[in-house]
Amino acid sequence: MGLQLEYINFINETCALAGFQRATGLKMCELGNQQIRKSAALITKAKTGKEYFSSLGYDHTSIDRNGLDGALPLDLCEPVQDPELIDQFDVLTNSGTSEHVEDEYECFKNLHSLVKQNGIFIHLNPKTGSWPRHGLYYYTFDFHRRLASQCYYEILRETDITLKGEQSHLVCVGLRKRARNPFISRAEFEKIALATIFRACGTISFSSRE
């Protein structure tokens, strides 16, 4: 999806709302080797998310199966097991990545495991009814609300960002991980997701790995 200026502003504003006014010393995990779009690059003076957020002082790690731009070549359909990544991050950004991951359960379970207690998740993903032919899945605000209730996340903010008319709505949420607890079971996640996430080509389905 790439980082537009509006997306970057949402991320920075959510970090400030969470009390992270100073990035120095904070650890950020960015999903995808995010490229900064031309209009935003003129202001940020950076070409990638890694370059920009590192310039703010974040200890930045990116994850992308392609391994480009310094990203760790990890597949979010598989459990992240590196102890140097588990329970380590103050901020995790998901700017148009999770909708491309086939196994949504394993993806969100990984995100949960990466963020430390009182750390935050920042999600910007295609809203149901928008972004035709963009990815595998489309989201609703209700998905994050139900997941937050089950996982003891605090909802910090919710915003609908639209850049190019009615076909480009994003579900944008900021969540705080309040407890250091295990992620919910696959069955519990599927119960939430089947009602609140929609697959690009028909009914949502999840591969069972448990």
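Analyst: Two strands pair if DSSP finds at least two bridges between them. Strands (E, at least two residues) and helices (H or I, at least four) are DSSP runs numbered from the N terminus. This is a predicted model, with local features needing pLDDT of at least 70, side-chain atom pairs pLDDT 80 or more, and totals for chains, interfaces and linings using all residues. Residues are numbered from 1 along each chain as its sequence is written, and side-chain values use heavy atoms, without hydrogens and water.

User: In what order do the strands of the open sheet lie?

Analyst: The 6 strands run 2-1-3-4-7-6, with mixed pairing. Neighbouring strands are turned by 15° on average, direction ignored; angles run from 0 to 180 degrees between N-to-C directions, with axes fitted to C-alpha atoms, for helices over the stretch in contact.

User: How many bridges join strand 4 to strand 7?

Analyst: There are 7, and strand 4 runs antiparallel to strand 7 (residues 169-177). Ile120 has Arg176 in strand 7 as its bridge partner.

User: Which strands does helix 5 lie across?

Analyst: Contact means heavy atoms within 4.5 Å. Helix 5 lies across strand 4, strand 6 and strand 7, at about 170° to strand 6.

User: How do helix 1 and helix 3 cross?

Analyst: Two packed helices are described by the angle and the distance between their axes. The axes of helix 1 (residues 5-17) and helix 3 (residues 49-56) come within 13 Å and cross at roughly 35°. Ile8, Ile11 and Asn12 of helix 1 meet Tyr52, Phe53 and Leu56 of helix 3.
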